[in-house]
Amino acid sequence: MNITPAWLFRSDDGELLDPVLFRLLANLRETGKLTRAAEAAGISYRHAWNLLNRGEAFFGMPLADMRKGHGTRPSPLGEKLLWSEQRVRARLGPQIDSMASELNHQLQQLLEGAHPVLRLHASHGYAVALLPECPGELDLRYCNPLEALNALGRGECDLASFHVPSSPQLAERVMQVYRPQLEGQSQRGQKLKVIRFVTRRQGLILRGEDRDRIQGLADLARTDVRFINRDEHSGTRVLFNLLLAEQGIGEDQIAGAGQEEFTHTAIAAYVAAGMADVGFGLEAAAAQFGLEFLPLSTEHYLLICHEDRLEQDNVQQLLTFMSSRSFLAEIATLSGYAPDRCGEVTTFEALLEEDRMAENRKTVERNRR
């Protein structure tokens, strides 16, 4: 089951605009030809004309610009509607996916009888969204790291996601934020194990025309730069604030820091629509909207579980799937992502020690030069 949001425009007298209008406008943006846009939307050329005319009458402004010799493109209003729809999908997507996963689980349990379901509570990301393709049934629900860790401690999920920078200094500060939840589970005898998954790059997301004037975090404090922030409880916001602290920059110095979006995709859509000049998020989100990306941090995106869960058949199935050649090939298609010894079981201590050793080797190499 998939759940897809739909926009409905209704006039005062009850007239509705066909939602296929969005597909038509999106195809117009891509092809520049009404005939091809109508075909791609699965409607006739005549119906496409009627939709655009009805839309113009509905809004009092044209939705498309038709110029002889230059094809047909969405008008400024048409572009605004398209960006608005994309922002809605980007903002609501994870919540809708979580709801669909929950409903699928309930229906399958009803139709097929009770059977083991692997429950994963995870931060929004592009690689984790691929995990439900694994054999068996995986119930993926999106939430912030604190919610995921608390759910794991209460036994409401089998796995939780956690992302920590590969920089040892930043990693230690991130661990300090979540240490009460991690140590609380250990004190209750719930020994935690870490499942390695991917690394991913986070940084500044901006349009090409702003690349010269925005070259780093310091430029966010300029009065002519508009910023869009992640929600305050997200792991990405924690990382962003730590990077700001390293530069001696406070959020109160950044115009727009109080404006929040809840997913990486929504951040990129907000910037691409011209509603902000820059945001902070994943390289994959920037690539999705054809935006520029300035990398600032690489982090491990991990899965965590209680040690006794590793023996479950469905967990073993997941580990095998994560290390499969076909799955690793999918990860390789995501901008800014790389497999990070997928499916290998370790501990936080071992992972952080490995990063410290890697950092020391880099320091030695730099000194030799």
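Visitor: How are H1 and H2 set relative to each other, parallel, perpendicular or oblique?

Guide: This is a predicted model, and in it H1 and H2 pack at an angle of about 135 degrees. Angles over 145 would count as roughly antiparallel and 65 to 115 as roughly perpendicular, so H1 and H2 are oblique to each other.

Visitor: How far apart are the axes of H1 and H2?

Guide: The axes are 8 Å apart, with H1 covering residues 20-31 and H2 covering residues 34-41.

Visitor: And which hand does the crossing have, left or right?

Guide: H1 makes a right-handed crossing with H2.

Visitor: Which residues of H1 and H2 meet there?

Guide: From H1 you have Val20, Arg23, Leu24, Asn27, Leu28 and Thr31, and they meet Leu34, Arg36, Ala37, Ala38, Ala40 and Ala41 of H2. Sorted by class, that contact has eight nonpolar residues, two polar ones and two charged ones.

Visitor: Okay, new topic. What about H8, is it covered or open?

Guide: Mostly covered: H8 spans residues 264-272, and nine of its nine residues are buried. Among them are His264, Thr265, Ile267, Tyr270 and Val271.

Visitor: What comes just after H8?

Guide: Glycine 274 does, and it takes a positive phi of about 80 degrees.

Visitor: Buried or exposed?

Guide: Serine 297 has a relative accessible area of 7%. The cut-off for buried is under 20%, so serine 297 is buried.

Visitor: Which residues is serine 297 in contact with, beyond its neighbours within four places in sequence?

Guide: Those contacts are Pro165, Leu170, Arg200, Arg201, Gln202, Leu239 and Leu243. There's also glycine 203, which is 94 residues away along the chain, yet its C-alpha atom is 6.4 Å from that of serine 297.

Visitor: And aspartate 139, where is that?

Guide: Aspartate 139 belongs to strand S4, residues 138-142. Its relative accessibility is 3%, so aspartate 139 counts as buried.

Visitor: Zooming out, how many helices and strands does the chain have?

Guide: The chain has 12 helices and 12 strands. Of its 369 residues, 49% are buried.

Definitions and conventions. Residues numbered from 1 in each chain as written. Predicted model: local features only at pLDDT ≥ 70, side-chain atom pairs only at ≥ 80, totals over all residues. Heavy atoms only, no water. Buried < 20%, exposed > 50% of the residue type's maximum accessible area, 1.4 Å probe, protein only. Helix = DSSP H or I, 4+ residues; strand = E, 2+ residues; numbered from the N terminus. Axes fitted to C-alpha atoms, helices over the stretch in contact; angles between N-to-C directions. Parallel < 35°, antiparallel > 145°, perpendicular 65-115°, else oblique. Left-handed = near helix turned anticlockwise from the far one by under 90°. Contact = heavy atoms within 4.5 Å. Nonpolar A, V, L, I, M, F, W, Y, C, P; charged D, E, K, R; others polar.
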